[in-house]
Number of protein chains: 2
Amino acid sequence: MQTKNKPLILVSNDDGITAKGIATLVEIMQEIGEVVVVAPDKPQSGMGHAITVGNTLHLHESPIFGKEVLAYECSGTPADCIKLAKHYVLKERKPDLVVSGINHGANTSISVLYSGTMSAAIEGAVEGFPAIGFSLADYSSQADFSHCYYYVKKIALKALEEGIPKGVALNVNIPKKSEEQIKGIKVCRQAKARWIEEFDQRVDPRGRTYFWLTGEFLNEEPRATDTDEFVLSENYISIVPCQYDLTAYYALSQINAWKFEV
Amino acid sequence: MQTKNKPLILVSNDDGITAKGIATLVEIMQEIGEVVVVAPDKPQSGMGHAITVGNTLHLHESPIFGKEVLAYECSGTPADCIKLAKHYVLKERKPDLVVSGINHGANTSISVLYSGTMSAAIEGAVEGFPAIGFSLADYSSQADFSHCYYYVKKIALKALEEGIPKGVALNVNIPKKSEEQIKGIKVCRQAKARWIEEFDQRVDPRGRTYFWLTGEFLNEEPRATDTDEFVLSENYISIVPCQYDLTAYYALSQINAWKFEV
């Protein structure tokens, strides 16, 4: 914890510093602690865990969240933002919590792989900080974030109080606002699912073919009740603890049995 | 397997279609089966599992690998390449193997998160195909890929023969060429490590500050002998089976013990 018992909270996202979701998240975090923002200067959705290695990075202080909040907009990816925050903006100060979001759209199941929101949180975990990515399962341009306040604050306070295991980032998905009250919060696992892509093939005014990525989400285990997909569909908030050790331990012995004779 | 018992092999990478590593990989795979290439039209290193959602995708047939190889260059990321290969280039044909690389530089340990090479392989696994990412632990511009032939072919043939568990992509790292003979192949886990970033801060001709991401790699468990880092340092080829279920199962009970009282 930082001076005056106020925790230091680093905020980022992938929809860019002007998005509604990060404004909501900053407002909530200001009720909890001292807020520092380093967020992309443009939308970075679908950037996965990309980092900027072949190009320069630019960082500009931004007045967007008022005098109380030190905020920077960054030309890079969400993962770049967290790296620059740690090594340049905060330097010797350590955040008590890294939060990312609130993403405009769900990041359940396989989407965690492609999600810039979660890459900021996972980068926080790599750096050894407690980290949470928040996403709202509402894709409409008029998405209402107001019901998130209560739950996001509750989860952030719990994380500060209880601590998150080292190397873990929480992936929190919040149901879209509806007339039905949110039923509660459930800790669960990532659903096995994938996107059935369909590329929308078009021809540009110069006669050249191009594509838009589109498609449908397919939950491959719709009957499992312990997944983020199921929990969210039942109007609960889902929390999946995520790790960045990708080793498939269960597959080690099978691959080990291959006889290479080199 | 495809017609004439020749396996269909889909090749991609992240260094771009003109890189030396993919030329090597295509040559090796032509000795095994029918090769189809869909690779980025420019370097995509560090792109992690990024996909192109807010922009158009372009795909052009390329004669770069000769008449025997159907090859396309794609404006997108490595993950985009695999998606376009499956849904547009191959359509109803299923690859027997997806290979990515050979990356110019190692992708051990935490680098798997940022690696475009491995994102192509993991995207292959997501789509249900046996998939392998190959990387050469040599960063020099004159990197010699010649010693890779024997081992890459051996590993690809084994994968075709034995099968790779569903949802798993192999992360193969090959030591740089030296006078010492490679000792063999070891199946191992991802080392716990991270990058200690140092941002190289400079001022452009117009007086504006910018940064280059740089830094040093820190192996946090240098004494563990079952990691990819260790194995590679001992002049073995490392194989880590990787999964895309990021759920930290060991952390579920701890987070579940949080009492939210909502």
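Predicted model: local features only at pLDDT ≥ 70, side-chain atom pairs only at ≥ 80, totals over all residues.
B:Pro78, B:Ala79, B:Cys81, B:Ile82 and B:Lys83 of α2(B) contact B:Gly116, B:Thr117, B:Ser119, B:Ala120, B:Glu123 and B:Gly124 of α4(B). Five of these contact residues are nonpolar, four are polar and two are charged. Helix α2(B) covers residues 78-89, and helix α4(B) covers residues 116-126. Their axes lie 7 Å apart and form an angle of about 30 degrees. Angles under 35 degrees count as roughly parallel, and α2(B) and α4(B) are therefore roughly parallel to each other. Their crossing is right-handed.

Chain A contains an open sheet of nine strands. The strand order is β3-β4-β2-β1-β5-β6-β7-β11-β8, and the pairing is mixed. Strands β3 (59-62) and β8 (184-187) of chain A form the edges. Each has a single partner strand, so one side of each has no neighbour in the sheet. From one strand to the next, the twist averages 25 degrees.

In general, strands of a sheet pair through backbone hydrogen bonds, in either a parallel or an antiparallel manner. Strands β3(A) and β4(A) run antiparallel. Four bridges join them, and β4(A) spans residues 70-74. One bridge pairs A:Glu61 with A:Tyr72 of β4(A).

Helix α1 (residues 20-30) of chain A touches β1 (8-12), β2 (34-40), β5 (97-104) and β6 (131-137) of chain A. The direction of α1 makes about 145 degrees with that of β5(A). Helix α4 (residues 116-126) of chain A lies across β1, β5, β6, β7 (168-175) and β11 (236-243) of chain A. This helix, α4 of chain A, runs at about 165 degrees to β6(A).

The two chains also contact each other. At the interface, 62 residues of chain A are in contact with 61 residues of chain B. Strand β11(A) gives the most to the chain A side, with five residues. That side of chain A comprises 37 nonpolar, 16 polar and nine charged residues.

How the copies are related follows from superposition. In general, two copies of a chain are related by a rotation about an axis and a shift along it.

Definitions and conventions: Residues numbered from 1 in each chain as written. Chains lettered and ligands numbered in written order. Axes fitted to C-alpha atoms, helices over the stretch in contact; angles between N-to-C directions. Helix = DSSP H or I, 4+ residues; strand = E, 2+ residues; numbered from the N terminus. Parallel < 35°, antiparallel > 145°, perpendicular 65-115°, else oblique. Left-handed = near helix turned anticlockwise from the far one by under 90°. Contact = placed C-beta atoms within 7 Å. Nonpolar A, V, L, I, M, F, W, Y, C, P; charged D, E, K, R; others polar. Pairing = 2+ DSSP bridges.
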